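Dear colleague,

I am passing on the structure below, together with some notes on what was found in it. Please read the notes with the structure open beside them.

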Amino acid sequence: ARGQRYLAETVAAGRCTRCGWGCLPPSDEVRVAALHALARTGAPRASGYGELFARRGKLALFARAELADAMFMGGGDRAQARQLLQELLNTAKESPTDVHFEEVDRGSYASLWSTDVRTSAMVLQTLADVSPDHPFVGKLAAWLGKVRRGDGRFGTTQEAAHALMALAEVTRTKERGVPAFTARVTLGGQPLAEVPFRGRSTEVKAVTVPAAKLPQPGAAGAAAAPLPLDFRRDGQAGV
């Protein structure tokens, strides 16, 4: 409670904290971080959202992500929160398999522990809560899994903390039940793979099918029609 009071009455309010070398007021990014912490700990200060929303164009990308989250979680203006989130999503760097977010000038916010991994995780945490079926949820999670080092670690403790919080939110909102299903893959109606999944696990299941055993399209000499490749899930997928 004392920490929440300090964040609300001093940091979020833009007042300086006096120390041995002076008394500088907090930057807008630091004020947003305070509002985000207050919203996520159940003590929102919604009166501070409007002022910072009006200056959102000057905020770092990660601060805009935190402000959107605070507005959604802390009873802010829903229309403004949706607008801010959409503006964030419009900056996404998307590939066929994943999505991430990049600061325009990464070095400018190094003192605030900013990295693209941390920013991407912040956006994922918010999306998992307010729009868990958004196509970026799975693609952001895939990117966070891909950028870990060879030993499984993230680059910094900030990256690890925010990535784990985001992925935990994905699990909470999208995998409420325990997975119990069988995944099936068919090509042209012919089975290629059938693998059961029981319980929560990060194990990757792989099936190899020799090319010679793949169904062949069309008769010999006829124009080859494409064969449909289908993925099916039977059972409870943890949703």
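What share of the contacts in the protein chain with a separation of 6 or more comes from residues 24 or more positions apart? Such pairs account for 56% of those contacts, where contact means heavy atoms within 4.5 Å.

Two remarks on how to read the values. This is a predicted model, in which local features need pLDDT of at least 70 and side-chain atom pairs count only at pLDDT 80 or more, while totals for chains, interfaces and linings use all residues. Residues are numbered from 1 along each chain as its sequence is written, and side-chain values use heavy atoms, with hydrogens and water left out.

The protein chain has eight helices and five strands, which are DSSP runs numbered from the N terminus (helices H or I, at least four residues; strands E, at least two). From the N terminus, their order is α-α-α-α-α-β-β-α-α-α-β-β-β. The radius of gyration is 23 Å, whereas a compact globule of 239 residues would have one near 18 Å; the radius is taken over C-alpha atoms, and the globule rule is 2.2 Å times the number of residues to the power 0.38. Along the principal axes, the C-alpha atoms fill a box of roughly 80 × 40 × 35 Å. Of the 239 residues, 35% count as buried (buried is under 20% relative accessible area, exposed over 50% and partly exposed in between, with a 1.4 Å probe and protein chains only).

Helix α4 (residues 61-73) packs against helix α5 (residues 78-89) at an angle of about 150 degrees, their axes lying 9 Å apart. That makes α4 roughly antiparallel to α5, a term for angles over 145 degrees, with axes fitted to C-alpha atoms over the stretch in contact and angles running from 0 to 180 degrees between N-to-C directions. On the α4 side, the residues that meet α5 include L61, L67 and F72, and those they face in α5 include L84, L85 and L88.

Two single residues may also deserve a look. W113, in the loop between β2 (99-100) and α6 (116-130), has a positive phi of about 65 degrees although it is not a glycine, and W113 counts as exposed because its relative accessibility is 58%. L167, in helix α8 (residues 157-174), is partly exposed at a relative accessible area of 28%. Apart from its neighbours within four places in sequence, L167 is in contact with L124, A141 and L144. L167 and L227 are 60 residues apart in sequence and, C-alpha to C-alpha, 36 Å apart in space.

Note on methods: Parallel < 35°, antiparallel > 145°, perpendicular 65-115°, else oblique.
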